[in-house]
Amino acid sequence: MKIFKYILGAAVVSILFVLTVFYFKVRIVEPDVHGKTDMADVAVEQIATEHYRFGDNQLLKNDKGMWEMYLEGAPYERGVAFGALAGGLMKEKEIAFVGEIKNRVPSESYLNFLKVLIGWVNRDLDEYVPEEQLLEIYGASQSMDDSFDYVGPKFHRALSYHAAHDIGHALQNMNLVGCTSFASWGNKSEDRKLLIGRNFDFYFGEPFARDKIVAFYRPDSGYQFMSVTWAGFSGVVSGMNEKGLTITLNSAKSDIPTKGKAPVSIIARQILQYAATIQEAYDIAQSFDSFVAETFLIGSRVDGKAGLIEKSPDKTDLFLSEGEQMIVTNHFQGNQLLHDPLNQEYMQEEVSTYRYARVEQLMDSLAPLNPKKIATILRDKEGLNGKDIGLGNEKAINQLIAHHSVIFSPDDMMVWVSCAPYQLGDYLAYDLKRIFAEEKPLSGASEYSDSLSLPADPFLSTESYQKFAFFAQTRDRIQHYLFAGKGKPLSDEEVQAFEHSNENSFLTYYYLGDYFKSREAWKRAKHYYEIGLGKEIARTSERKHMEEGLRTSTEKLKE
């Protein structure tokens with residue numbers, strides 16, 4: 001008994017020691033703020049329906065359903081204003097984000113494990129984020145909703161959400177987010193102007209895709225800039241500053257991270273706020289340690305061209321085109337990282353190289369480009385040579401999952417931002433030269449220019465789009481059923497409707513095959529896998545998945 005007590009006591013002490021070390025390791029200390037705002041005293045003025053003011057900071061929803069925001073001043077004060085104005089939207093985004101995680105990971109025990117794991121990975125995250133951004137994020141975090149405090153302290157959550165893009169695409173290497181960006185200048189563009197187009201294909205469920213924000217920043221240091229973002233997110237994924245420098249992010253293949261460093265959206269934010277040239281952008285990117293691989297397409301009015309910063313946890317490379325255009329999908333192109341084993345492995349999936357070739361094909365056929373032609377490319381849903389590869393295929397430029405789509409014209413200081421859904425709604429035009437010159441933007445009304453905006457895609461009003469909307473809704477329902485084993489099974493009528501909603505897409509049969517396999521309906525699973533394998537499949541890994549499903553179904557039918 002004495003030996004047992006000693007062993008038990010030693011075990012308890014060891015566990016307490018480990019828990020204590022874990023607590024202090026993952027504990028992120030709140031910034032020391034002089035004159036900290038008492039949020040109980042914060043009063044937001046409502047100027048009109050869905051138009052709010054906090055000091056000189058503004059938030060309004062325009063008649064196209066897009067939110068516009070203006071923030072100014074010092075870092076902490078900007079953050080407080082962001083949270084005060086967008087607190088309700090922040091709550092909705094957190095509900096959507098946490099809800100989607102629970103849909104995909106229904107096990108409470110596994111969710112708790114992931115929470116601990118991510119807490120450990122992000123244990124020193126604050127050490128890799130500039131103090132300015134820590135203060136801004138902290139200011140906004142004070143307006144986060146109390147109902148999610150079980151996930152973690154507000155500031156810890158807010159900081160971790162800025163790394164969600166990094167962790168998400170690292171953990172989903174089998175289903176990498178497939179963003180597309182491209183640039184043209186010189187003879188490739190009308191009037192030889194630098195033009196950039198991008199689709200930000202970050203999909204985390206329809207609720208998360210709602211209520212994007214076009215934000216205009218006037219910080220107390222650095223350059224004024226605009227960014228397409230969402231409530232509570234101070235990082236940058238698409239933006240342009242007053243010097244005519246643009247930045248867009250595209251994911252690249254990464255190892256699963258073991259330790260959080262600088263989130264790529266924070267690196268992009270520093271570039272946008274403090275760089276005027278491609279070289280300055282590269283110098284800033286090189287000064288940061290990232291924990292995932294990423295590419296940053298930089299457009300520069302000063303340089304009159306675009307450049308590509310390719311970054312891995314170990315290397316930072318600057319790739320410049322020898323011609324007058326640049327295309328970026330999800331693989332590295334520069335000498336330093338092209339032959340990286342992970343990059344080569346991803347290129348062999350063929351999805352990124354295929355999409356690259358389709359962009360090149362369209363750019364060549366439509367040259368010289370203008371904003372309207374760029375919108376046409378960004379909305380293209382077909383495969384090479386105009387092949388019908390079904391809707392939602394990752395090989396397509398327009399996969400109908402985009403959080404937002406943007407067109408930049410740095411020479412004219414113009415930007416066009418797509419309205420929902422995806423890149424199908426109007427591209428609203430914003431004259432940044434005028435907006436940045438205004439004393440108090442948004443003090444009167446919306447900043448977009450209706451006469452310069454681009455109209456919605458006619459596809460939006462077709463029966464094909466209505467069918468796709470049903471496809472997307474049913475796809476999400478099947479995914480939830482497969483993830484959680486919950487939900488009402490599909491009726492035969494719903495299966496038939498789903499099959500006909502997107503019948504040229506391999507995804508239709510991929511999901512139906514998996515659905516019937518999960519229900520051990522082997523004959524029907526085999527049937528759908530066989531059809532799907534005859535379609536244009538996005539990834540080699542997806543083909544292998546269906547082939548394995550077909551083998552399993554066939555073997556089960558023989559038993």
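Predicted model: local features only at pLDDT ≥ 70, side-chain atom pairs only at ≥ 80, totals over all residues.
Visitor: Which strands stand at the edges of the open sheet of seven strands?
Guide: The order in this sheet is β14-β5-β6-β15-β16-β17-β18, with antiparallel pairing. Each edge strand has a single partner, so one of its sides is left without a neighbour in the sheet. Residues 325-328 and residues 448-454 form these edges, namely β14 and β18.

Visitor: Which residue of β15 is the bridge partner of R198?
Guide: Strand β6 (residues 195-200) pairs with strand β15 (residues 404-409) in the antiparallel sense, over five bridges. Within β15, the bridge partner of R198 is V406.

Visitor: At what angle to β6 does helix α13 run?
Guide: Helix α13 comprises residues 371-378. The strands it lies across are β5, β6, β15, β16, β17 and β18. Relative to β6, α13 runs at about 25°.

Visitor: Within what arc do the buried residues of helix α16 fall?
Guide: In α16, residues 492-501, the buried positions are V495, F498, E499 and S501. Seen down the helix axis, they line one face, because they fall within an arc of 160°.

Visitor: Which exposed residues does the face of α16 turned away from its buried side carry?
Guide: The buried residues of α16 have a cover that includes α15 (463-484), α17 (506-518) and α18 (522-532). The face turned away from the buried side carries the exposed residues D492 and E493.

Visitor: How many residues apart in sequence are the parts that K64 and D426 tie together?
Guide: The side chains of K64 and D426 meet in a salt bridge at 3.0 Å, N to O. K64 is partly exposed at 37% relative accessibility, whereas D426 is buried at 18%. K64 lies in the loop between β3 and β4 and D426 in the loop between β16 and β17, so the pair ties together parts whose separation in sequence is 362 residues.

Visitor: Is K253 buried or exposed?
Guide: The side chain of K253 meets that of E345 in a salt bridge (3.5 Å, N to O). K253 lies in the loop between β10 and α8, and E345 in helix α11, so the pair ties together parts that are 92 residues apart in sequence. E345 is partly exposed at 42% relative accessibility. The relative accessible area of K253 is 11%, and K253 is therefore buried.

Visitor: What is the N to O value for the salt bridge of K387 and E536?
Guide: K387 lies in the loop between α13 and β15, and E536 in the loop between α18 and α19. K387 is partly exposed, with a relative accessible area of 41%, while E536 is buried at 18%. The N to O value for this pair is 2.7 Å.

Visitor: How many salt bridges does a search of the whole structure find?
Guide: Some of the charged residues are linked in a network of salt bridges: R78, E132, E136, D220 and R269. For the whole structure, the search finds a total of 30.

Visitor: To what number does the count of disulfides come?
Guide: A disulfide is a covalent bond between the sulfur atoms of two cysteines. C179 is buried at 1% relative accessibility, and C419 is buried with a relative accessible area of 5%. With a cut-off of 2.5 Å between cysteine sulfur atoms, the count of disulfides comes to zero.

Methods: Residues numbered from 1 in each chain as written. Heavy atoms only, no water. Buried < 20%, exposed > 50% of the residue type's maximum accessible area, 1.4 Å probe, protein only. Helix = DSSP H or I, 4+ residues; strand = E, 2+ residues; numbered from the N terminus. Arc of directions from axis to C-beta. Contact = heavy atoms within 4.5 Å. Pairing = 2+ DSSP bridges. Axes fitted to C-alpha atoms, helices over the stretch in contact; angles between N-to-C directions. Salt bridge = Lys/Arg side-chain N within 4 Å of Asp/Glu carboxyl O.
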